Amino acid sequence: MQSHYELVIVGGGMAAGRLMHQLDELGYNKSVAVVSNEAYTGYNRVLLPGFLAGHYQASDLTANDSWSTRPNFTVLPNCQVQQINLDKRTARLDANKVIHFTELVLATGSTVPRLNVPGSDLNHVFELRSLGDAEQLKQAAASANTAVVIGGGLLGLEAADALNDLGLKVQIVHRGPQLMNRQLDAAAGDQLALKLAQEGITLSLNAQVNRILGVERVTAVELNDGTRHTADLVLFATGSSPNVALADQAGLNCAHGITTDQNLRTSAPGVYALGECANVDGSNFALVEATYAQADALAATLFGRTQSVPPITLGTRLKVSSTALFAAGETRPSRDDKLNDVIVEDDRDGIYRRLFFSDRKLIGAVLLGNTDAAREITQKIGTQIADRDRDRLAFGIS
Ligand SMILES: Cc1cc2nc3c(=O)[nH]c(=O)nc-3n(C[C@H](O)[C@H](O)[C@H](O)COP(=O)(O)OP(=O)(O)OC[C@H]3O[C@@H](n4cnc5c(N)ncnc54)[C@H](O)[C@@H]3O)c2cc1C
């Protein structure tokens, strides 16, 4: 390991992987070190539920990128950055090793915040954030019959579906009044709940966890109303909390993420942040598309062609076996007099489509059952839609 790198990247997740890929494409010839506290760098985290369900092998997620063989690019795996000193331009690693940098990128991602309830540290209580987590969860699932998933958002539903595929009896406990309440309108949430129930996944909505029961190992989850759900394992899918401790301790401005401008510049010169740890111009995203757009802009900037992150419309796709689901843009708009929507439902085929308009402009959409129009809708969000196109999109005609 050399002692000085022109560029040090902290974190070897999807943001770092895409950044290295882009730097490679641009022919970046300065020395770069990626310090990753995981064994693999840049692997496809999105496929973790599929890996858990047995649809993918670890090697499907970790396919090597060509940048990894570049002589000026170094990866330091299984290595944690413990502290950063911005005056001395140093990063202290495990075992008190120190590396120097000229420029620094923070790509530390986020953590699943566990509920602060008794029993949340018992054995067989998990989260699903890394390949290591997925491997442990899979091993525990092999000898389990029942699971409780806490959280009915995208990641909770995908994990619940994977555990159901593995033959476990799965109960989802969600504190909101409907599933995926950040992305779906109430009717789509209800339809989704119905489809999961048909798969055998049961739900508790408006439910608060009181405590997790067990001696050493978890046995049940108790809700505030006294209901108990038997659990051989518990999974926290309670959102994501940006990893800012390192940046905060180094004196960088942080608020719901490491604060950056549209060029991914933090409050210190020559220090950048991107991905789930960053709050870019007031927004923190937990989606790959946003992370990749940031990585592409940052690669150009580091290469000397300053570029800001372009505005993009983000869509969410749920990957579960019971149904196809896509949501993008504003799907829970506040009422105003220019707002209208078009709903198409076909119970027989399990289709639900709802498009939201404001002043004839498409502002959001939910597609359940058939998501063929997802790409076109994403492109059209923010634009005026002619009546003919509105009906065509609503009826799913391409
Ligand atoms: C199970 C799951 C399913 C998902 N599905 C979807 C999906 O369907 N669609 C979608 O758009 N997004 C999805 N996401 C979100 C997507 O994976 C993230 O938005 C993306 O990975 C963000 O990239 P990142 O590099 O910022 O963070 P991460 O990929 O989390 O990488 C951060 C890395 O930094 C490491 N690290 C942190 N601190 C240090 C330190 N001090 N020293 C060294 N290393 C450190 C972490 O261990 C981690 O390896 C999913 C995420 C998960 C967990």
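Visitor: How many bridges join E9 to strand E15?
Guide: Happy to start there, keeping in mind that this is a predicted model. Strand E15 covers residues 233-236 and runs parallel to E9. The number of bridges joining E9 to E15 is four.

Visitor: And E10, which residue there is the bridge partner of Thr146?
Guide: E9 and strand E10 (residues 169-173) run parallel, joined by five bridges. Ala147 stands opposite Val170 in E10. For Thr146, the bridge partner in E10 is Lys169.

Visitor: Which helix makes a β-α-β unit with E9 and E10?
Guide: E9 and E10 are parallel strands. The unit that they make with the helix is right-handed. The helix, residues 154-165, is H5.

Visitor: Is E9 largely enclosed or open to the outside?
Guide: Let's take the two faces in turn, with buried meaning under 20% relative accessible area. On one side Thr146, Val148 and Ile150 are buried, and on the other Ala147 and Val149 are buried too. That makes five of the five residues of E9 (residues 146-150), so the strand is, by the rest of the structure, largely enclosed.

Visitor: Which strands stand at the edges of the sheet?
Guide: The sheet is open, with five strands in parallel pairing and the order E8-E15-E9-E10-E11. An edge strand here has a single partner strand, so one side of it is left without a neighbour in the sheet. From one strand to the next, the twist averages 25°. The strands at the edges are E8 and E11 (202-204).

Visitor: Now for Val117: is this residue buried or exposed?
Guide: Val117 sits in the loop between strand E7 (110-111) and strand E8 (125-127). Leaving aside neighbours within four places in sequence, Val117 is in contact with Val209, Asn210, Arg211 and Ile212. Its relative accessible area is 13%, and the cut-off for buried is under 20%. Val117 is therefore buried.

Visitor: How far apart in space are Val117 and Arg360?
Guide: Along the sequence, 243 residues separate Val117 and Arg360. In space, C-alpha to C-alpha, they are apart by 47 Å.

Key. Residues numbered from 1 in each chain as written. Predicted model: local features only at pLDDT ≥ 70, side-chain atom pairs only at ≥ 80, totals over all residues. Heavy atoms only, no water. Helix = DSSP H or I, 4+ residues; strand = E, 2+ residues; numbered from the N terminus. Buried < 20%, exposed > 50% of the residue type's maximum accessible area, 1.4 Å probe, protein only. Contact = heavy atoms within 4.5 Å. Pairing = 2+ DSSP bridges. Right-handed = clockwise from strand over helix to strand, strands pointing away. Axes fitted to C-alpha atoms, helices over the stretch in contact; angles between N-to-C directions.
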